[in-house]
Amino acid sequence: MIDRLEKEVDMLERHLQVLKMVIENEPIGIVKMSNETGYPHHKVRYSLRVLEEENLIEPSSQGAIKTERTVEFVDELDGKLDDIVDKLDGMKIEDVAEIEG
C-alpha cells in the first residue's frame, strides 16, 4: 500500500527536478538533463512528456522551454505540497500501544 505512494513521490520528484532544470537552463535537451541528473534518457523523456501534457513545458528546436503556465504552477506548488504533507501527517497512527491493548 505504501510502496505505491513512495513510487509516485519518487516519480513526482523526478518530474519536478526536470521542470526545475528547464526553468533554470532553457532551452535544454534530454542528453544534457540525463547527464546532469543521472536519470536514464527514457526516464527524462517520460518526465518531459508528462510536463508537456500538463502544459508546463513545450519543445523547441534547441530543447525544452517553459510555458506561460509554468510560473503559475510554481507559485502554487509549495502550498499544494504543504497541504499534502499535512494530510499525510494526519494519517499517522501515533500510539500503537492503544491498538494492541
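Helix H1 buries Arg14, His15, Val18, Leu19, Met21 and Val22, where buried denotes under 20% relative accessible area, exposed over 50% and partly exposed in between (1.4 Å probe, protein chains only). The model is predicted, so that local features need pLDDT of at least 70 and side-chain atom pairs count only at pLDDT 80 or more, while totals for chains, interfaces and linings use all residues. Residues are numbered from 1 along each chain as its sequence is written, and side-chain values use heavy atoms, with hydrogens and water left out.

Helices (H or I, at least four residues) and strands (E, at least two) are DSSP runs numbered from the N terminus. The expected span of a helix is 1.5 Å times one less than its number of residues.

| Helix | Residues | Expected span | C-alpha end-to-end distance |
|---|---|---|---|
| H3 | 13 residues | 18 Å | 18 Å |

The buried residues of H1 pack against H2, H3, E1, E2 and helix H4 (68–90); contact here means heavy atoms within 4.5 Å. Glutamate 24 also belongs to H1, but it is exposed, at a relative accessible area of 54%. Its C-alpha atom is separated by 21 Å from that of glycine 79, which is 55 residues away along the chain.

Helix H3 covers residues 41–53. Its buried residues are Val44, Ser47, Leu48, Val50 and Leu51. They lie on the same side of H3 because they cover an arc of only 160 degrees around the axis, the arc being that of the directions from the helix axis to the C-beta atoms. An α-helix has 3.6 residues a turn, so residues three or four places apart point the same way. The face of H3 turned away from the buried side carries the exposed residues His42 and Glu53. The partners of the buried residues of H3 are helix H1 (2–25), helix H2 (30–37), strand E1 (57–60) and strand E2 (63–66).

**The contact of H2 with H3**

Two packed helices are described by the angle between their axes and the distance between the axes. For H2 and H3, the angle is about 115 degrees and the axes are 9 Å apart. Axes are lines fitted to C-alpha atoms, for helices over the stretch in contact, and angles run from 0 to 180 degrees between N-to-C directions. In this contact, Ile30, Val31, Met33, Ser34 and Thr37 of H2 meet His41, Val44, Arg45 and Leu48 of H3. These residues divide into 5 nonpolar, 3 polar and 1 charged; Ala, Val, Leu, Ile, Met, Phe, Trp, Tyr, Cys and Pro count as nonpolar, Asp, Glu, Lys and Arg as charged, and the others, Gly among them, as polar.

Serine 34, located in H2, is buried at a relative accessible area of 9%. Leaving aside residues up to four places away in sequence, serine 34 touches Tyr39, Pro40, His41 and Val44.

**Backbone features in the loops**

Proline 27 is placed in the loop between H1 and H2. A cis peptide bond, with omega of about -10 degrees, joins glutamate 26 to proline 27.

Asparagine 55 is situated in the loop between H3 and E1. Its phi is near 60 degrees, a positive value in a residue other than glycine. With 42% relative accessibility, asparagine 55 counts as partly exposed.
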